[in-house]
Amino acid sequence: MKKAYNRRVFLKDSSKAALAAGIGISMIPSVVAAAAGNEFEQQPLPYAYNSLEPYIDAMTMEIHYSKHAATYAKNLAEACVAEKVSPQTMSLENLMRNISKYSAKMRNNGGGHFNHEFFWKCMKPGSANQPSGKLLTSINQSFGSYEAFKTAFADAGKNRFGSGWAWLIQTSEGNLKIGSTPNQDNPLMDISELKGTPLLGLDVWEHAYYLKYQNKRPDYINNWFNIVNWDFVASQLK
Ligand SMILES: [Fe+2]
């Protein structure tokens, strides 16, 4: 079983990247962020790369986490240095809520980092269960049934043209809503048409599924419901 990507490996990889770029170790923003232990850094994956099989294969998870998501965190740290955003005085959520005041690099990588950290938590090995309690009641009230919710959520992912995310959110009025965002935008961002508190997020970028599913995004989405961590989703409900 492969070990989850951890901070030691992350620091080692960051160091390699810095050396390749000719940057001194003390100047690497991502390392500084990691040392500070803040939410702007990439957190350890809460399960092994191969633990979501057969629905998501180990190689996809490894590349997704250690390459794609790690790069968002690294680039976010660089943008924070350039635009004087300090993790000590700014929360990641607040940065999202004020993202229109920052650069495209901050928007793309800040969103990319937030979204992926959220995405890992939305999944759990062997949790082929369904929502229950207050969450199930809210889903039934908003969409009619769990099956109707699944269909609408899957459609949001299938119909997102190009790269982006499907979301279940809670609006400021307390209602549940399904939608999608392009690229690495998310419903917390002030520039997003879909606005609310994310409860569940699904990455529909090709890098999330192409090795196993190729062009069959609908198959990836349908299988993904087998590994949704409904306990985490319920914990985000207000
Ligand atoms: Fe991704």
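Is N183 buried, partly exposed or exposed? At 42% relative accessibility, N183 counts as partly exposed. Keep in mind that this is a predicted model.

**The overall picture**

The protein chain has ten helices and three strands. Going along the sequence, the order is α-α-α-α-α-α-α-β-β-β-α-α-α. Of its 238 residues, 48% count as buried. The protein chain exposes about 11,100 Å², and carbon and sulfur atoms supply 53% of that area. As for contacts between residues at least 6 apart in sequence, 68% join residues at least 24 apart.

**How the helices pack**

| Helix pair | Distance between axes | Angle |
|---|---|---|
| α3 (residues 58-82) and α5 (residues 104-121) | within 8 Å | roughly 140° |
| α6 (residues 133-143) and α7 | within 8 Å | roughly 70° |
| α7 (residues 146-158) and α9 (residues 217-224) | 10 Å | about 145° |

Start with α3 and α5, whose axes cross at roughly 140°. That angle makes α3 oblique to α5. The crossing of α3 past α5 is left-handed. On the α3 side, the residues in contact include M61, H64, Y65 and Y72, and on the α5 side they include H113, H116, F119 and W120. By class, this contact has eleven nonpolar, nine polar and two charged residues.

Next come α6 and α7, with a crossing angle of roughly 70°. These two helices are therefore roughly perpendicular to each other. L136, I139, N140 and F143 in α6 meet Y146, A148 and F149 in α7. That contact divides into six nonpolar residues, one polar and no charged.

Helix α7 also packs with α9, at an angle of about 145°. Here α7 passes α9 in a right-handed crossing. The residues involved are F153, A154, G157 and K158 from α7, which meet R217, P218, I221, N222 and W224 from α9. Sorted by class, they are five nonpolar, two polar and two charged.

**A buried loop residue**

Now find A208, in the loop between β3 (197-203) and α8 (210-213). What does A208 touch, leaving out residues up to four places away in sequence? The list is T60, H64, D203 and Y220. As for Y220, it sits twelve residues from A208 in sequence, with the C-alpha atoms 8.9 Å apart in space. A208 has a relative accessible area of 3%, so it counts as buried.

Most residues other than glycine have a negative phi, and most peptide bonds are trans. Which spots are worth checking with that in mind?

First, there is the peptide bond from E53 to P54, which is cis, with omega near 5°. P54 is in the loop between α2 (29-36) and α3.

Then back to N183, which has a positive phi of about 50° although it is not a glycine. N183 belongs to the loop between β2 (176-182) and β3.

Q214 is another non-glycine residue with a positive phi, near 50°. You'll find Q214 in the loop between α8 and α9. With a relative accessible area of 30%, Q214 is partly exposed.

Note on methods
Residues numbered from 1 in each chain as written. Predicted model: local features only at pLDDT ≥ 70, side-chain atom pairs only at ≥ 80, totals over all residues. Heavy atoms only, no water. Helix = DSSP H or I, 4+ residues; strand = E, 2+ residues; numbered from the N terminus. Buried < 20%, exposed > 50% of the residue type's maximum accessible area, 1.4 Å probe, protein only. Contact = heavy atoms within 4.5 Å. Areas by Shrake-Rupley, 256 points an atom, 1.4 Å probe, with all protein chains shown as cover. Axes fitted to C-alpha atoms, helices over the stretch in contact; angles between N-to-C directions. Parallel < 35°, antiparallel > 145°, perpendicular 65-115°, else oblique. Left-handed = near helix turned anticlockwise from the far one by under 90°. Nonpolar A, V, L, I, M, F, W, Y, C, P; charged D, E, K, R; others polar.
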